[in-house]
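This briefing looks at one contact between two chains and then at a single residue. Please view the sequence and the structure below before reading on.

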Amino acid sequence: MLVFIVRRLGTMVLTMVVVSILLFLLLEINSAGVAIKVLGPYTSEEQRNLWLEANGYFRPIYIRYFSWLGNFIVGDFGDSIRFKVPVGEILWPRLASTGILGLAAMAVVIPLSLILGVLAGMREGSTLDRVISVGSIVTTSIPEFASAVFLSTIFVFYLDILPGTSSMSDGFSVVQLILPAMVLILYDFGYVTRMTRASMAEVMTTHYIRTAVLKGLPYKTVIMKHALRNALIAPFTVIMLQINWLLSGVIVVEFAFAYKGFGALLLEASLNQDLFMIEACAMVAVFVAVITQMIADIGYTYLNPRIRFA
Amino acid sequence: MTGNGSSRHDKYDGPILECKNLSISYFTRAGEIPAVVDFNLTLNQGDSVGLVGESGCGKSTVAMAIMQYLGNNGGIVGGQVIYKGRDLATLSEEELRQLRGNEIAMVYQEPMASLNPSMTLGRQLMEVPLYHEHVSEAEAAKRARKILADVNLPDPDRVMSSYPHQISGGQQQRVVIAMALLSNPSLLLLDEPTTALDVTVEAGIVELIAEIAKKFNTSMIYISHNLGLILATCGRVNVMYSGVVVEEGAVDVVFDHMRHPYTKGLFNAIPLPSADKTARPLVAIRGQLPLPHERPAGCYFGPRCDFFQAGRCDVPAHGSTLAMSSVDGRPGHEVRCARWSEIDWDAHKPEGVSGEETPMGDEVLSITNMRKYYELHDNSIAAMIKGKRVRYVKANESISFVAHESETVAIVGESGCGKSTFAKVLMGLETATDGEVLFNGDDVSSQSVQKRSPKQVGSMQMVFQNPFDTLNPSHSVGSQLARVIKKFGVETDKDRIENRVMELLDLVKLPRDFARRRPRQLSGGQKQRVGIARAFAGNPAMVVADEPVSALDVSVQAAVTGLLMDIQREFRTTLLFISHDLSLVRYLADRVVVMYLGSIMEQGTTDEVFAPPYHPYTEALLSAVPIADTSIVKKRIILEGNLPSVMNPPKGCPFHTRCPRKIGHICETKTPPFAEDGEGHIISCHIPMDELRKVDPVIVQADSKSDQPAAE
Amino acid sequence: MFKSLALIRESIVGMVGLALILFWVFVAVFADVIAPFPPNATIMPMALPGMEGPDGAVFWLGTDHIGRDILSRIIHGSRRVLIFAPLATFCAYAVGIPMGLAAGYRRGMTDDVLSFIGNIILSFPVLVLYVIIIATLGASAINILVAVTFASAPGIFRIVRGLALDLRNREYVFAAETRGESPWRIMMIEILPNARGPLIVDACLRLGYVIITIGVLGFLGLGLPPPDPDWGGMINETRSMATSFPHMTIFPVIAISSLILGFNLLADGLREVSLRD
């Protein structure tokens with residue numbers, strides 16, 4: 001088990017290194033371009049060269065990479081071109097806001113989809129199963145930007161009970177969190193439900209469930225003690241990987257509702273060529289994704305005795 | 001509640017189980033499919049009844065109906081299942097629950113799949129008393145531990161805290177049996193409990209089951225496709241065919257005086273280790289099992305029966321089929337045949353596979369000291385520190401033997417014996433680590449298949465085990481055969497390739513229009529025939545057949561075996577027949593090579609290997625084979641312990657951990673020498689040959705003198 | 001493949017999905033005939049659904065802020081989705097399948113290297129990847145195609161690799177090896193055709209997902225440049241008015257969702273019938 005974790009950590013570090021090289025190559029290889037982005041298009045060649053010289057852009061490429069990486073590791077991401085302040089000052093609060101949004105969504109998605117998935121998978125082919133299955137397909141078929149518009153129309157235009165934007169300009173507001181969270185939930189719960197259902201349905205057809213039933217265990221015990229334990233291994237991984245997906249989802253949702261979070265920041269940075277901000281956001285996003293992937297893998301191994309005691 | 005179990009048997013003195021005119025159907029999109037029709041059974045206290053038949057005959061469905069567990073699409077459509085006087089159909093779900101696992105318990109075919117992978121075995125066992133007798137945790141654990149000892153599992157405490165994958169298949173099955181016995185049930189259902197196990201492990205389980213029946217006085221229903229196992233475990237037998245019982249009675253009566261042509265056909269189709277092809281040719285049952293909705297009216301076996309008489313056998317007399325009639329003079333012997341009393345079995349001599357000997361030719365294959373080691377990279381931290389990152393798995397160790405033109409050499413062994421690796425090296429998918437493999441005079445030991453000439457490749461081909469994936473489901477039979485012909489350069493012209501495909505189909509006795517069919521439209525036996533045609537497409541000098549019939553039903557087995565032998569004889573092909581089935585090996589092999597954990601234990605002519613002196617492993621293997629012949633008496637040898645892992649084989653003699661004749665320290669430390677008893681009969685054992693010669697034969701005809709091996 | 005397509009008739013869910021897809025295919029093919037107005041013509045701004053235009057023609061779904069008929073734009077927009085999504089999906093498969101086959105069949109180093117690359121790409125949150133690629137390279141048809149291929153191929157790679165790992169152990173593959181067939185032939189002729197079932201289901205799901213992606217890019221303003229109608233773009237352009245004129249956004253939303261739903265339902269139906277036998 002320890003070996004496994006160490007090896008997993010190794011892959012994680014390697015992944016991050018490769019990602020950092022890719023980002024560096026993609027965004028900083030053309031140093032003239034960097035200068036234009038930082039100083040603006042109307043600067044003279046001389047000014048740019050001065051800036052490049054001052055910031056060490058004339059050093060050999062590998063030295064530039066390592067110094068860039070070194071700064072990155074100690075948390076110095078450079079200054080935002082757009083906001084003219086250190087990237088970290090903007091990034092961390094934004095990440096926290098997104099964390100709140102994500103947590104709110106997950107707090108509903110996880111219990112809801114696990115319960116629905118188990119109920120559907122327990123008796124495959126039953127009316128309940130059909131309703132849940134089709135329902136979850138329909139909700140996952142509505143893209144977030146579509147449901148954002150759709151829900152706004154209902155709750156803002158027709159019912160007029162929720163605010164249409166979530167910029168939180170007057171401080172944190174739970175009411176403003178509802179619509180963005182709802183959009184995330186609506187899109188995501190269907191997927192997790194279907195995965196849970198599939199896993200549960202598969203477990204219900206296994207021979208060991210037959211053994212448990214024919215052993216004379218009450219149906220409730222068969223489900224709770226024999227089926228769930230095995231059926232929830234797969235959804236666990238799926239849920240952990242949803243965090244990766246969530247980082248995508250928030251871009252759309254935050255954009256749609258003007259929510260000041262990480263996703264909106266990344267989008268703005270990209271549209272405004274805010275170079276160092278893009279780098280920082282991308283690295284953070286991949287870091288979060290890789291970490292959750294690792295937790296998912298380790299958790300999967302831990303939950304699965306066949307691998308744990310191999 | 002203690003004592004519940006034992007008192008339960010005393011209170012009730014009627015039959016434990018009665019099935020009355022039981023009919024079971026499955027309901028699919030295509031409509032109702034009758035799986036079992038008119039099934040009757042009366043089981044008294046302590047009875048053991050066998051249900052025997054080929055796949056699809058409905059035997060497992062009967063067990064599931066008794067358990068009232070037929071799934072969403074199955075149901076009892078007629079008749080009753082009565083357990084101790086209570087009709088199970090009238091019971092509530094809760095009443096059923098109290099019966100299941102408590103009074104009626106079941107043992108399943110695949111032990112690994114039947115145990116919950118993420119729950120300790122102890123917990124799974126303890127659940128039975130916890131939920132049925134509401135005892136305390138401590139009491140449940142105590143009982144679980146005791147029952148594990150009862151099923152002869154060493155170290156019950158370790159087993160209790162293990163997960164299923166941590167113990168071997170044989171041990172898993174013992175745990176499943178223990179689980180079934182925990183509540184001391186009145187009725188035990190065993191559904192092919194040993195089919196997934198190796199033959200020496202099977203022997204141990206069969207013995208355990210027989211012991212249980214005696215010790216607990218439990219009534220048993222034993223379901224199997226293997227007649228020999230039924231003989232070893234049951235008092236009565238029901239022979240099933242296509243959803244109906246065709247014959248029932250006491251085991252020795254049915255085995256010795258069968259009256260139904262199907263029962264007779266089954267016995268004619270199975271090889272016995274006491275006889276070879278010349279003494280007792282196999283007779284296949286023609287045709288194939290009808291699908292449930294294609295069953296003929298009257299006798300379901302009619303179209304395949306040699307005694308079929310129109311106007312009598314095809315007239316339904318009882319529902320859609322015939323009625324059972326008693327065979328006079330023998331109580332309880334019934335048969336579902338319209339003509340049983342008229343058939344003169346002595347006058348009927350079915351034409352079997354002719355067993356004439358063909359003279360051997362020149363040496364085709366000669367293997368000397370072939371070894372195949374795999375490197376295994378150990379990535380654990382401990383190994384990194386020690387610097388021992390690479391370990392060797394000795395898949396094949398010092399393999400030496402020869403095979404001649406037109407000769408059949410059988411390679412026998414259980415799982416992990418290295419048969420598959422050996423086949424891969426021969427075929428050039430792996431290269432040997434060391435040694436020489438001369439094929440037609442060329443050393444191919446280090447020549448991968450890519451480096452062999454098309455002619456070389458075509459002259460050594462293989463027949464595979466699993467009919468369900470021996471053919472590519474995406475391509476037609478014809479195109480697959482054509483590809484082989486083209487690849488080996490037998491023909492190049494399109495029309496001539498087409499012709500050759502037709503010839504090959506003729507060769508394996510399949511209709512020519514099968515060329516256009518997809519594999520899924522073929523039955524298992526037909527697919528194996530195409531597989532044989534494919535192997536013979538390049539006019540091979542040698543064919544390696546890897547368990548070619550083990551996945552087929554017995555009646556089909558005989559036909560495919562016969563076909564393979566006929567073709568071999570016609571082309572004077574060398575046949576390397578890899579098998580775990582000693583009966584079949586006895587039947588068709590000229591020479592036998594016995595392997596265990598990658599090494600050859602014994603080799604010689606078939607007669608030599610099947611008679612003393614034996615290698616102790618051969619002896620155990622022979623003793624483990626179930627034999628469907630009441631006149632045979634076998635020596636009883638049950639091997640202790642597990643089959644060791646190939647990854648970590650024992651030092652010295654690989655068999656020493658389980659050897660009942662182990663002589664001492666030398667077995668654990670030194671690789672035994674190859675001792676010769678007459679020319680070509682080689683035994684690898686530390687026991688002196690003179691000692692081994694004194695060993696009694698394992699298989700003896702009961703009425704013959706005990707010093708006469710049955711084989712002679 | 002054709003067997004499961006024929007069997008789809010037995011799945012209600014699948015049939016509904018197929019009907020939705022065929023409806024949009026029909027609309028796309030006959031867009032010029034069906035659409036009542038030219039898609040980019042500005043006629044009458046802010047018309048509500050059902051209002052009559054200057055020459056008596058009806059705006060069934062109303063017009064947008066600069067007076068273009070929404071129904072006509074949706075009808076013409078279907079062309080873009082139905083050409084782009086399958087094309088992008090096809091490109092992703094063209095890259096993912098050979099790599100997956102090679103990794104799953106050959107294993108060893110090939111597998112290690114390809115899997116590592118795949119995992120790195122997959123470790124990017126998908127949309128982050130799109131946004132970075134499109135923002136760096138600029139929004140054009142080719143770049144969107146490249147981005148979709150780049151982001152989807154690893155997922156396809158992973159599925160194909162898994163299937164190949166399983167299928168390589170079949171005896172017919174072993175048989176092909178023993179007669180000395182080339183690895184290429186074994187992968188393409190012996191293995192790939194038998195992986196088609198799960199791949200068809202995956203392709204349907206992926207098509208739905210690519211449609212979402214193209215829509216999202218349009219919605220974020222990173223999609224294909226105007227003025228040609230693009231469903232995601234239509235929603236983006238009018239969403240600031242969604243609270244006063246919901247018809248401008250709601251109809252494109254229904255259009256894109258119904259097409260995605262079609263693919264998802266078809267995938268589910270195909271999976272259902274393929275599991276049956």
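Predicted model: local features only at pLDDT ≥ 70, side-chain atom pairs only at ≥ 80, totals over all residues.

**Chain C against chain A**

Between them, chain C and chain A bury about 3,600 Å², with 77% of that area on carbon and sulfur atoms.

Contacts across the interface
- On the chain C side 40 residues are in contact, and they meet 43 residues of chain A.

The chain C side
- The elements of chain C that give two or more residues to the side touching chain A are α5 (108-123), α6 (126-137), α10 (196-219), α11 (231-238) and α12 (247-276).
- The largest share of this side, 11 residues, comes from α12(C).
- By residue class, the side of chain C that touches chain A divides into 27 nonpolar, 10 polar and three charged residues.

Leu95(A)
- Leu95(A) lies in helix α5 of chain A, which covers residues 87-122.
- Leu95(A) has a relative accessible area of 21% and is therefore classed as partly exposed, given that buried means under 20%.
- Once its neighbours within four places in sequence are left aside, Leu95(A) is in contact with Phe262(A) and Val284(A).
- Although Leu95(A) and Gly263(A) are 168 residues apart along the chain, their C-alpha atoms are separated by 8.5 Å.

Methods. Residues numbered from 1 in each chain as written. Chains lettered and ligands numbered in written order. Heavy atoms only, no water. Helix = DSSP H or I, 4+ residues; strand = E, 2+ residues; numbered from the N terminus. Buried < 20%, exposed > 50% of the residue type's maximum accessible area, 1.4 Å probe, protein only. Contact = heavy atoms within 4.5 Å. Buried area = accessible area lost by both parts, 1.4 Å probe. Nonpolar A, V, L, I, M, F, W, Y, C, P; charged D, E, K, R; others polar.
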